[in-house]
Amino acid sequence: ISDQKPLGCWSVKHGQLLTCPVVCNFETHEYIAVHDDKVLRIWKDEDINLDKAFKATLSAEVYRIHSLPQGGPVVLFRGGGVRTLDVLLEAPQQEIENLISDEVIRWSGAFLDGQQPVLIFTTEKDGDFFVYVQKPKPSSLHKYKLEQQGSAKPLCFTAHITNQTVTLLCLYSNDSVYQVLIPLQQDNEEEEEEEEEILSKSLLLNLSVSGAVLKGTSLVVLDKDHVAVLGSLAAPGKKPTEFLTIWNTKFQTLQTSKELPLGTSGQLWCYEEKFFLIHGKLLTVIMYKCETSSLAAAVGKLKDSQTLDVSSFVNWNTLEDEELVVSFQSQEPVALKAESRMNLRSRRSTVAEQSGTLSVGQLLIKLKDASTYVLETELKQLMAKAPTPDLQATIGCVVTALTDRCKRNPKYYPQNFLQEIVETRNLSYSLCPDLMAVALEKKDMHLLQICLERFPDIPEEITYACLKAFLSMSDDHLRSIDVNLDSAICYVDVEFNDMEVKTEILENGFSAEMDQDMCDTKIPKESQSNGESCPVGLQKAALLNAVLHSAYTETFLLPHLKNLPAQQAILFLRYLYYLYVKCSEKVNTTLPGIRSPTINQIMDWMCLLLDAQFTVMVMLPEAKDLLSNLHKFVRAQVRFYSELNKIEGSLRELQRLNHLRESQTYSIEVLEII
């Protein structure tokens, strides 16, 4: 999530279907999946082909696999049977009992009671709901019937275990949350044979605010006094809007809420004090913190409407024009905090209020209309004294404050201050998502170059925008701009190729004459120069090198590259071809300089550009010679390495003989390579 890059991708064969969520075995660091209801797959990160991963066909259909950090994975079958994974793998075809007959499982959850795993699941049959509490070690099962609530039906469940008691929370269709307490019984055969006990429930929460009713779709427990509910708030005479809300169950008050105008999938996940939800087409991650519940805080929340701290939502679509803002209250027992992608990696909190002073959010609001000098002075002091755990988030807030002022005041642009921050601080795109957009608007090529070289999580849309901006600028204009030339100055021709030093040494099996002989085609003089002189100026080459260094995902970048204008695409391909030839002239295929492109980066971008623009390239007459030369060069390289492969055995024999020869003797040997 922090870098927006997929770390691994696996797929089942065509016709197969993953039938339950994939989980991670925390003990072995393996992934566990089930496809086609009965086929179990287990694999690790380094496994590439899922079809070659461990496979076990089970005797019954799996409903869900639950993974516990300390208790190991637990498998729940559709018939209600439960097995730990290690027991199941000992005999995958073992018979699985059917405990629930015609009932259908609606929800399940796994928990730890001390060191013992406990699995709880609810079922439905003919409008009646049942609760099962099962312990696989040793095997025990207790069945309960849920008390009916008129015509209202439970929509979702969640639970937690405290002091040998299961607390089951049920979100009902009458916009209320009910609580059911289930004591964990001692295991004995007699209780299992008794008729199921009817569980009574108590009203925990009414989801209504000032006459408006929250139609909840998902419910999670945060701690003993707080729950989060995702749902649609239907106010009289207004269109329903989805909200993420946090409620104090002790005092039955709404603690905080966040409007989600783009809509959600209706699902809410909570893991390690972070919410995960789908907002529109984005994955949104929100950090929360629950403080000790108190009546004063709960009442104060209803009276205090002043916004004291501001942070932005974290999402994957950082180019959206909308500005999603979360408001915090200083007296809130619960504060929603949007956590940056960088902080997700370090698992540290966002900016906290500094004791005895203004919080970061308060200070930024205070400086909103301050003069430029006062603003920059205060922000430099803020960065200098920020506590170490919150330093990154504080700097992100500082950059956001600067870019916000740039957007409000077109004449304001602290170029040197921004460059200093990016060069001296370990930032990421997600900490200051508007920075590169502002730099593109101001045509600050140097700042864009620095960001491309330093930010690990730049979205592909921004990478493409930078590439297009670099290619569209003339070399004459770029000569007047200060950019870092270290990545290109050692090999790119300077002053229109006058200073380039030509070499006649054949280092890597390639020369224009050799290419001509091997392809049996006469290469025009103009074409021969394509691989020798750089098609772009030194400044533009340095900027394009920064693009080549930026991380990307092919699936996300390819649609943008298809929109690259034809002439810019040809120019970019010519530069990549030039780099490819330069790399191939060296034995180690490495370009000189600092942060120069690698042969793999050059090849990857060349293939990506050809995939995106091949039809256009084929149709354009001016691209014909370029594609022909590229084809000839690659074919010459393939033939050269093919010849090397033929003598590989002889070279290995020569190496073996060198090892056998005594170091003290001197001899001259002639080896005939056939």
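Predicted model: local features only at pLDDT ≥ 70, side-chain atom pairs only at ≥ 80, totals over all residues.
Residues are numbered from 1 along each chain as its sequence is written, and side-chain values use heavy atoms, with hydrogens and water left out.

Begin by selecting strand S9, residues 116-125; helices (H or I, at least four residues) and strands (E, at least two) are DSSP runs numbered from the N terminus. S9 is mostly covered, since 8 of its 10 residues are buried, where buried means under 20% relative accessible area, exposed means over 50%, and partly exposed lies in between (1.4 Å probe, protein chains only).

**The largest cavity**

Select Gly-127, Asp-128 and Phe-129, and then Leu-146, Glu-147 and Tyr-172, which are among the residues that line the largest cavity. On a 1 Å grid over the protein atoms alone, a cavity is a set of points where a 1.4 Å probe fits but cannot get out, and its lining residues have an atom within 4 Å of a point. About 80 Å³ of space lies in this cavity, and the model has 2 cavities of 30 Å³ or more; grid points are joined across faces, edges and corners, and a volume is the space filled by probe spheres set on the points.

**The sheet from S17 to S21**

Move on to an open sheet of 5 strands in the order S17-S18-S19-S20-S21, with antiparallel pairing. Its edge strands are S17 (208-209) and S21 (253-259), each of which pairs on one side only. Inside this sheet, select S18 (residues 212-223) and S19 (residues 226-234), which pair over 9 bridges, and find Gly-216 opposite Gly-231 in S19.

Then select Thr-249, in the loop between strand S20 (241-248) and S21. Is Thr-249 buried or exposed? Thr-249 counts as buried because its relative accessibility is 11%. Leaving aside neighbours within four places in sequence, Thr-249 is in contact (heavy atoms within 4.5 Å) with Leu-204, Lys-224, Asp-225, His-226 and Val-227.

Select Thr-403 in helix H7 (residues 391-408), a buried residue with a relative accessible area of 1%. Not counting residues up to four places away in sequence, Thr-403 touches Asp-434, Leu-435 and Val-438. The C-alpha atoms of Thr-403 and Met-436 are separated by 9.4 Å, although these residues are 33 residues apart along the chain.

Finish with helix H17 (residues 566-584), whose end C-alpha atoms are 27 Å apart, in agreement with the 27 Å that its 19 residues should span at 1.5 Å a residue; the expected span is 1.5 Å times one less than the number of residues. Because 16 of the 19 residues of H17 are buried, this helix is largely enclosed by the rest of the structure.

Conventions:
Pairing = 2+ DSSP bridges. 1 Å grid on protein atoms, 1.4 Å probe; cavity = no way out; pocket = protein on both sides within 12 Å on 5 of 7 lines; lining within 4 Å.
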